[in-house]
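Here is a short briefing on a protein model.

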Amino acid sequence: MVTGEVRSKVDSVWDTLWTGGITSPITVLEQITYLMFMKLLDDNQRREEAKAEKLQVPLTDRVFRDGPCVISESPRVETDYSNLRWHIFRHQAPEQMLATVRDFVFPFIKTLGEGRDTAFSRYMKDTVFLIPTARVLAKVVDVLDSLDMDNKDMMGDVYEYLLGKIAAAGENGQFRTPRHIISMMVQMMKPTLSDRMVDPAMGSAGFLLQCAAYIREHFSRELLRADNRRRFVSELFSGFDTDQSMLRIGAMNMMLHGADEPNIRYRDSLSAENTERNAYSLVMANPPFTGSVFAEDISKDLQAVCKTTKTELLFLALFIRMLQVGGRCACIVPDGVLFGSTRAHKSLRAELVQRQCLRAVISMPSGVFKPYAGVSTAILIFTKTDIGGTDKVWFYDMRADGFSLDDKRTPVEQNDIPDILARWENLEAEESRSRSEQSFFVPVQEIIEHDCDLSINKYKQVPYTPVEYPPTEELLQEIDSLHREILADLTELHRLLEK
């Protein structure tokens with residue numbers, strides 16, 4: 001989490017824009033994101049230029065080229081590419097910097113990818129630069145320039161903190177899933193270059209970004225091949241959302257992480273307009289926990305899985321439909337999905353247990369999503385088969401994730417994530433674990449007998465330690481002794497009051 005000096009800097013940026021007249025939280029977030037994007041573009045190219053100079057090879061793939069850049073043909077507006085770079089304009093006088101960013105840099109970043117139907121060009125064309133004065137821009141640029149944007153962990157925390165400052169974050173789901181939870185899920189699913197992955201409720205694209213990072217780390221040699229690189233850039237990643245701001249932010253994030261043309265689109269994933277079925281090999285998502293949709297808007301084949309208007313159930317049904325046979329899913333659900341007693345809850349769990357191959361249920365502590373929400377959640381991992389195949393289900397009771405479970409979420413020593421990853425890699429050893437331990441297997445028949453209840457407490461055994469009490473006569477003697485002491489004290493109190 002963001003603490004200390006970094007937190008103070010982020011707060012000062014937010015307050016500066018707010019004082020400058022931008023009072024919509026999501027607009028503040030967008031304006032900060034545009035400036036961060038400008039800095040990251042320049043930082044990325046400066047790093048590549050230094051690498052090319054060290055290796056003494058030409059740098060061909062550049063955002064900022066040599067010579068003049070035509071910003072607009074009608075009327076014709078042009079400037080030198082060097083003027084568009086952060087490390088150049090951030091040293092200009094405030095009035096000149098405002099004119100440069102407003103008239104040249106911002107229009108330039110809107111044209112990146114122009115002529116191609118990319119996610120970035122699709123969602124940037126209607127954006128507006130709203131920072132009103134030179135003084136406001138200069139203050140914000142100074143603070144952002146002092147942040148180490150090469151530290152991806154720190155920048156992820158900054159972005160999470162910014163999203164947390166949106167007043168409606170806990171209500172509409174526009175907050176990031178904690179990065180360490182996403183990382184754990186991605187390491188368990190092990191995405192590859194042969195996957196097609198999707199997040200139908202993508203938000204700021206956290207799952208897609210982590211999958212991209214995993215593939216770059218584990219398949220760096222394969223990515224040297226042109227066909228694999230092309231697939232990584234344009235075919236591997238898909239994401240849908242109904243919030244234009246999140247789509248814009250997600251597209252910028254993906255572009256900065258090397259996936260220039262992901263299939264990121266405005267789409268109500270639960271509606272009939274989403275016709276993609278049996279199309280993906282990997283779904284990773286944290287869909288909205290609460291809420292409902294109008295029954296008439298819901299795709300009919302989702303209602304066939306579970307007749308409901310609750311989004312947390314409908315998204316699970318959607319994941320099953322969108323996966324191809326053999327495809328895998330890792331998703332976060334509120335605990336109510338695991339044990340809810342309605343017909344829709346039961347039918348959805350029966351679908352996962354009896355018609356698909358449910359592999360794991362990882363119960364997480366209720367503080368994982370604080371300070372945004374205190375709801376208890378779990379991770380479900382399953383494979384689509386359409387013919388069953390669940391033999392036994394692995395349950396894990398996560399009690400700590402490396403951070404305190406209060407609103408501050410400060411780092412602590414207790415962390416079950418390394419243990420989860422280690423045990424997931426060696427599930428055979430889990431066969432001998434007893435129900436009183438932190439993880440264990442439960443046979444599918446036992447789960448079916450309990451109405452497919454997936455809450456770990458249904459199957460966990462709590463060790464019973466008998467308590468020995470003194471004999472009854474001894475207890476009575478102690479009570480009599482206490483009674484005599486009380487009477488003696490009362491007698492003494494009465495004597496003192498009579499004096």
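This predicted model holds two cavities of 30 Å³ or more. The largest cavity has a volume of about 40 Å³. Its lining is made of nonpolar residues, with no polar and no charged ones.

**Largest cavity**

- Seven residues line the largest cavity, and seven are nonpolar.
- The lining residues are Val10, Val13, Ile32, Leu144, Leu147, Val158 and Leu162.
- Two elements each give two or more residues to this lining: helix H1 (4–19) and helix H7 (152–164).

**Helix pair H14 and H16**

- Two packed helices are described by the angle between their axes and the distance between the axes.
- Helix H14 spans residues 311–322, and helix H16 spans residues 343–355.
- The axes of H14 and H16 come within 11 Å and cross at roughly 25°.
- Angles under 35 degrees count as roughly parallel, so H14 is roughly parallel to H16.
- The crossing of H14 past H16 is left-handed.

**Residues at the H14–H16 contact**

- H14 contributes Leu313, Leu316, Ala317 and Ile320.
- H16 contributes Ala344, His345, Leu348, Glu351 and Leu352.
- By class, the contact of H14 with H16 has seven nonpolar residues, one polar and one charged.

Methods:
Residues are numbered from 1 along each chain as its sequence is written. This is a predicted model: local features need pLDDT of at least 70, side-chain atom pairs count only at pLDDT 80 or more; totals for chains, interfaces and linings use all residues. Side-chain values use heavy atoms; hydrogens and water are left out. Axes are lines fitted to C-alpha atoms, for helices over the stretch in contact, and angles run from 0 to 180 degrees between N-to-C directions. Helices (H or I, at least four residues) and strands (E, at least two) are DSSP runs, numbered from the N terminus. Angles under 35 degrees count as roughly parallel, over 145 as roughly antiparallel, 65 to 115 as roughly perpendicular and the rest as oblique. A crossing is left-handed if the near helix is turned anticlockwise from the far one by less than a right angle, and right-handed if clockwise. Contact means heavy atoms within 4.5 Å. Ala, Val, Leu, Ile, Met, Phe, Trp, Tyr, Cys and Pro count as nonpolar, Asp, Glu, Lys and Arg as charged, and the others, Gly among them, as polar. On a 1 Å grid over the protein atoms alone, a cavity is a set of points where a 1.4 Å probe fits but cannot get out, and a pocket is an open set with protein on both sides within 12 Å along at least five of seven lines; lining residues have an atom within 4 Å of a point. Grid points are joined across faces, edges and corners, and a volume is the space filled by probe spheres set on the points.
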